[in-house]
Amino acid sequence: MLPKLFFGYFAAVITVLSILVVTRRNPVHSVMWMLLLFFNLASMYLFLDAEFIAAIQVIVYAGAILVLFLFVVLLLNLREELKANRFIGSWPAGLIVAAAIMVSMVFAINSFVPGPMGTYSIDYIQKETYTKVLGEVLYTEYLFPFEIASLILLIAIIGAIVLAKKRMRS
Amino acid sequence: MVPLQWYLMLSAAVFTIGVFGFLTRRNIIIMFMSIELMLNAVNISLVSFSHYLQDLRGQILVFFIITVAAAEAAIGLAIIIALFRNKTTAHVDDMNEMKG
């Protein structure tokens, strides 16, 4: 009973917060609601026994990405934004597309059959400690994708500098 | 014990809200935040799969998704700044030079 109660809380809060993020007029308010959403998501990951993911959700998403969003929102002017229309003229078309995606996903989930169980049970993870098990998988089986991720971050650094730099007029 | 399907339904709902926001909002920053919302919906389903199927690979995938989301946010916001410098607007329906 208690896990279902917790899940109900998280489901309600996460759904309401994502609707708030998408519909607010002021982008700063959207960013703030998204901050709350990310903290709720992090606590739901704790509820799902994923401590490391909860930590990087708070550190990377809430700490780095959202601050970047907030900087850019504050760089652009908000005066006209508060008076202009929020949605494009043909927003019912977007609503229909989203509803169609939702319906198809609900049907897919209802006919979903889980695959075979893996070997990392809760008891095993508790015996070996979580971070050690995760690190072993990450640095042995997924070493090559890990290196590619570092390359992606390097490209992101260079690309962001090149794109946001003021163009020299010669 | 909460069934796995409930988590997948929550993930589907968040993803749908993200799709709606991406398709209908005029402000390009909020469209971008809708993309982040969709990535987070995928993360929910991956972590719940990882928990229910007792396999850590789902969480490794979440790790990589967060890496790519950080890179994407940096590049995308740089593009938004470059666009705003040239057009002085953040509304996507005002950007129609290519007549798409």
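**Figure 1. The largest nonpolar core of the predicted model has 67 residues.** Within this core, the residues with the most contacts are A:Y45, B:V14, B:I29 and B:A74. At least two residues each are supplied to this core by α1 (2-23), α2 (27-47), α3 (51-75) and α7 (143-164) of chain A, together with α1 (4-24), α2 (28-52) and α3 (57-87) of chain B. The core also draws at least three residues from domain 1 (1-82) of chain A and at least three from domain 2 (120-170) of chain A. Taken over C-alpha atoms, the centres of these two domains of chain A are separated by 22 Å.

**Figure 2. Surroundings of B:V14, one of the residues with the most contacts inside the largest nonpolar core.** When neighbours within four places in sequence are left aside, B:V14 is in contact with A:I14, A:T15 and A:S18 of chain A, and with B:L37, B:N40, B:A41 and B:I44 of chain B.

**Figure 3. The packing of α2(A) with α2(B), whose axes lie 12 Å apart.** The angle between the two helices is about 5 degrees, and α2(A) and α2(B) are therefore roughly parallel to each other, the cut-off for that description being an angle under 35 degrees. On the side of α2(A), the residues that meet the partner helix are A:P27, A:S30, A:M34, A:L41 and A:Y45, while α2(B) contributes B:I29, B:I30, B:M33, B:N40 and B:V47. Sorted by class, the contact of α2(A) with α2(B) has eight nonpolar residues and two polar residues, with no charged residues.

**Figure 4. The packing of α3(A) with α2(B), whose axes come within 12 Å.** Here the axes cross at roughly 175 degrees, and α3(A) and α2(B) are therefore roughly antiparallel to each other, as the angle is over 145 degrees. From α3(A), the contact is made by A:I53, A:F69, A:V72 and A:V73, and from α2(B) by B:I29, B:M33 and B:V47. The residues of the contact of α3(A) with α2(B) divide into seven nonpolar, no polar and no charged.

**Figure 5. The contact between chain A and chain B, with 66 residues from chain A and 61 from chain B.** On the side of chain B that touches chain A, α1, α2 and α3 of chain B each supply at least two residues. The largest share of that side, 22 residues, comes from α3(B). By class, the side of chain B that touches chain A has 42 nonpolar, 14 polar and five charged residues.

Figure 6. A:T129 is exposed, because 10 other C-beta atoms lie within 10 Å, and a count of 12 or fewer qualifies as exposed. B:Q54 counts as partly exposed, with 15 C-beta neighbours inside 10 Å.

**Figure 7. A:A12, a residue in helix α1 of chain A.** With 11 C-beta neighbours inside 10 Å, A:A12 counts as exposed. Between A:A12 and A:I157 there are 145 residues of separation in sequence and, from C-alpha to C-alpha, 37 Å in space.

Terms used
Residues numbered from 1 in each chain as written. Chains lettered and ligands numbered in written order. Predicted model: local features only at pLDDT ≥ 70, side-chain atom pairs only at ≥ 80, totals over all residues. Domains from an automatic or database assignment. Core = buried A, V, L, I, M, F, W, Y, C linked by C-beta atoms within 7 Å. Buried ≥ 20, exposed ≤ 12 C-beta atoms within 10 Å, placed from the backbone. Helix = DSSP H or I, 4+ residues; strand = E, 2+ residues; numbered from the N terminus. Contact = placed C-beta atoms within 7 Å. Axes fitted to C-alpha atoms, helices over the stretch in contact; angles between N-to-C directions. Parallel < 35°, antiparallel > 145°, perpendicular 65-115°, else oblique. Nonpolar A, V, L, I, M, F, W, Y, C, P; charged D, E, K, R; others polar.
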